[in-house]
Amino acid sequence: MTTQTAKTKTHILGYPRIGSQRELKFAQEKYWRGEIGQQELKEVGSLLRYRHWGEQVGAGLDYVSVGDFAWYDHVLGTSMLLGHIPKRHDNGFPDLDTLFRVARGRAPTGCACAASDMTKWFNTNYHYIVPEFTADDQFNVSWQQLFEEVTEAKQAGHQVKPVLLGPVSYLWLGKEKEQGFDRLSLLPRLLTAYQKILAKLAALGVEWVQIDEPVLTLELPKNWVESFRLAYQVLHGSPKLLLTTYFDDITHHLDKIVELNVDGLHVDLSASPEQLEAVVAQLPEQWVLSAGVINGRNVWRADLAKLLGILEPVKSKLGTRLWLASSCSLLHSPMDLELETDLNPEVRQWLAFAKQKCREISLLGQALDGCEASRSECIHYSAPIKARVNSAFVNNPDVRQRTLAISPIFAERKAPYSERARLQRSALDLPLLPTTTIGSFPQTDEIRVQRRDFKAGRLAEADYNTALKGHITDAIKRQEALDLDVLVHGEAERNDMVEYFAELLEGFAVTRFGWVQSYGSRCVKPAVIVSDIYRAKPMTVEWATYAQSLTDKLVKGMLTGPVTILGWTFPREDLTREEIANQIALALRDEVADLQAAGIKVIQIDEPAIREGLPLKASQWQAYLNWAVNAFKIAAASADPETQIHTHMCYSEFNDIIESVAALDADVITIETSRSDMELLKAFEEFDYPNEIGPGVYDIHSPNIPEVEHIEKLVEKAESLIPVERLWINPDCGLKTRNWEETEAALKNLVTAAKQLRERYVANVRVKTG
């Protein structure tokens with residue numbers, strides 16, 4: 001028997017853009033290379049949008065999300081929509097090439113100008129292009145993509161819900177490009193443009209707009225909190241506005257939020273389920289509540305039976321004012337679990353990707369509406385995830401025991417930095433301003449084909465290993481010819497800096513098609529942490545020692561750090577992040593010891609994710625930083641004093657965590673600073689960083705080749721804050737996405753700049769000492 005109640009509306013906050021086979025990525029890169037025209041690129045985008053809308057409708061959702069598709073990044077798409085383009089890129093008529101020039105510094109047409117900054121989207125591994133603000137900025141709705149896509153979807157017969165980044169969040173996510181003004185002062189001007197956008201959407205027959213204000217989860221300054229009142233007084237009207245928040249709770253701002261002139265509120269009940277009671281209690285009588293109960297950031301199957309029990313009282317109270325949704329955009333989720341035919345069947349039944357999450361939302365909505373068949377299906381659907389708790393596959397007593405035995409001494413090197421630095425200078429014999437790269441070199445088509453053939457069984461393991469040694473030999477020869485000081489083996493054997501280790505460590509499941517967009521055309525394939533983690537055998541020693549055997553110069557051993565492996569995978573939800581990080585740290589600690597025993601004297605443990613892992617609320621930062629720093633130190637502490645430990649951070653605004661960066665106690669840290677013109681070094685004006693540092697002088701995400709003079713100026717800026725004796729010269733990230741022609745041209749200039757600066761500094765010392 002079915003007891004029908006008022007219909008529960010269902011939707012998602014956004015869908016992955018890239019396509020199940022990364023169609024968008026490949027079309028973008030063909031266009032940038034000049035292999036297809038702009039019309040062909042746009043046709044790929046149109047095909048993907050139609051397909052993705054169809055998948056949402058096919059799953060039973062009431063609304064399709066429109067405006068979540070982006071050619072590079074949705075924040076940059078908002079800048080284009082607002083006609084807000086950096087002056088160096090503004091040709092008076094914003095088109096697709098304008099967008100690509102802002103993002104990449106270059107497009108098939110137009111100038112080769114500096115790209116805008118790129119940084120992490122809140123605490124995710126997605127990157128956005130940072131808006132640049134000046135006091136005389138004007139906003140003009142001149143980019144029609146949003147309106148064209150609304151028309152497309154409506155003509156296809158869909159009930160649409162446009163997605164729009166809200167004005168306050170848009171301003172917060174940007175930065176001032178000149179001194180003496182506050183970008184929040186631009187809000188009245190910006191709101192005029194938003195009024196025009198909403199009016200155009202209303203004219204197209206749009207009833208609801210999802211207006212994203214994720215900054216409401218942050219602990220904002222008072223003037224920013226107060227700015228929401230003005231913003232939504234101005235914007236209230238037609239269409240209706242669903243104020244959308246995600247990634248954390250909003251209860252600290254709830255009293256202010258419920259006074260805003262909007263028509264509904266979305267909250268993330270996956271990241272913060274405890275906020276539900278307070279939100280329901282204070283929800284204005286006329287508002288809808290969009291309950292984000294299906295986790296958009298992880299891949300675990302939802303416990304729909306449990307969610308039913310939580311939501312039934314809310315449904316009883318709110319009736320049709322309760323909507324169901326994903327917690328955040330499904331941008332952060334892989335596309336389709338049905339493609340993963342190679343996964344362990346036991347693991348596969350625990351997971352749900354974007355397409356499956358749409359069905360979870362719809363099924364839950366039907367059950368809440370009184371459909372007994374759907375209720376029974378929810379209970380059946382939840383059974384595997386409930387049974388997983390006691391699975392012997394998941395729980396390893398030996399790993400748990402080793403983790404419990406961690407004591408403070410596990411995180412301490414055998415000597416303080418001052419003593420290590422003296423010993424390393426003697427052991428390594430490096431010049432002033434030593435040069436190095438971050439680890440990876442171009443992943444050529446040849447490398448990719450060989451890896452694909454090996455995984456498909458078309459290339460024997462012995463032949464594959466021979467091919468890899470050939471690529472390593474080539475990388476070493478090229479670096480020697482460039483006269484770099486500390487070399488790398490190039491990582492030809494690695495598909496990804498995290499997935500590679502996930503394939504070698506016990507406790508992970510890897511997918512074939514679980515791609516997630518990181519930025520632009522860059523996609524990553526996060527592994528899934530399914531059980532307790534340990535190292536069964538060495539992972540990198542063979543390749544590092546082979547590379548070292550080819551040269552008299554130092555070769556770095558290359559590892560990815562515990563916090564980054566955790567941050568760039570889909571974690572378990574039955575253990576704390578600290579527990580998982582410690583398991584990974586112990587595995588890496590063993591690898592460091594083996595590299596050192598094999599004669600590798602420099603070991604890099606990359607931690608680019610340490611900044612993005614911060615909780616969104618600053619009051620919670622220190623607790624996270626304590627265990628994150630400790631996990632890194634556990635991994636590094638097996639190194640002898642003479643072994644130099646490097647770490648790397650990229651696209652991380654770490655000025656506000658500089659003390660914790662120093663607490664990592666890495667002998668050398670390399671960081672991204674080139675796009676920001678060394679702005680990220682401002683922290684060193686007030687903080688006396690004790691160890692060595694390599695501020696990146698080459699923006700590897702742009703095809704532009706840095707000039708020698710430009711590199712020298714960046715190093716000179718750095719030298720004003722860091723003693724030259726403790727400076728390294730390096731790119732700002734790995735070079736796997738560049739080709740060899742670009743790479744060698746850029747590194748040639750980098751080495752030339754280092755040598756010229758070296759001579760200059762030595763000459764100055766001679767003059768000063770007489």
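Trainee: Which strand does Phe508 lie in?
Mentor: Helices (H or I, at least four residues) and strands (E, at least two) are DSSP runs, numbered from the N terminus. Phe508 falls in the run of residues 505-509, which is strand S14.

Trainee: What pLDDT do local features need here?
Mentor: Residues are numbered from 1 along each chain as its sequence is written, and side-chain values use heavy atoms, with hydrogens and water left out. Bear in mind that this is a predicted model: totals for chains, interfaces and linings use all residues, side-chain atom pairs count only at pLDDT 80 or more, and local features need pLDDT of at least 70.

Trainee: Back to Phe508: is the residue buried or exposed?
Mentor: Buried means under 20% relative accessible area and exposed means over 50%, with partly exposed in between (1.4 Å probe, protein chains only). Leaving aside neighbours within four places in sequence, Phe508 is in contact (heavy atoms within 4.5 Å) with residues including Ala527, Ile529, Ile565 and Thr569. Its relative accessible area is 12%, so Phe508 is buried.

Trainee: How far apart in space are Phe508 and Ser531?
Mentor: In sequence, 23 residues separate them. Going C-alpha to C-alpha through space, the distance is 6.8 Å.

Trainee: On to the rings: how many aromatic pairs does the structure hold?
Mentor: Rings of Phe, Tyr and Trp (its six-membered ring) pair if their centres lie within 6.5 Å; planes under 30 degrees apart count as stacked, over 60 as edge-to-face and the rest as tilted. Counted that way, the number of aromatic pairs is 19.

Trainee: What kind of pair do the rings of Phe228 and Tyr232 make?
Mentor: Both Phe228 and Tyr232 are buried. They are 4 residues apart in helix H8 (residues 222-235), so about one helical turn separates them. An α-helix has 3.6 residues a turn, so residues three or four places apart point the same way. With ring centres 6.4 Å apart and planes at 10°, Phe228 and Tyr232 are stacked.

Trainee: Which helices do Phe454 and Tyr464 tie together?
Mentor: Their ring centres are 4.4 Å apart and the planes sit at 10°, so this pair is stacked. Tyr464 belongs to residues 461-482 and Phe454 to residues 445-455, so the pair ties together parts 10 residues apart in sequence, helices H18 and H17.

Trainee: Which of those two is partly exposed?
Mentor: Tyr464 has 7% relative accessibility, so that one counts as buried. The residue with a relative accessible area of 29%, and therefore partly exposed, is Phe454.

Trainee: Which ring does Arg297 lie over?
Mentor: A charge sits over a ring if NZ of Lys or CZ of Arg is within 6 Å of the ring centre and within 35 degrees of the ring normal. Ring pairs link Trp121, Phe122, Tyr128, Tyr246 and Phe247 into a cluster. Arg297 is 4.9 Å from the centre of the ring whose face it covers, that of Phe247.

Trainee: What arc do the buried residues of H2 cover?
Mentor: Among the buried residues of H2 are Leu41, Gly45, Leu48, His52 and Trp53.

Trainee: Which cysteines form a disulfide?
Mentor: A disulfide is a pair of cysteine sulfur atoms within 2.5 Å, and the count comes to 1. The sulfur of Cys371 is 9.1 Å from the closest cysteine sulfur, in Cys378, so that is too far for a bond. The pair whose sulfur atoms are 2.1 Å apart is Cys111 and Cys113.

Trainee: What handedness does the link of Cys111 and Cys113 have?
Mentor: At 28% relative accessibility Cys111 is partly exposed, whereas Cys113 is buried at 15%. The angle about the S-S bond is -135°, making the link left-handed.
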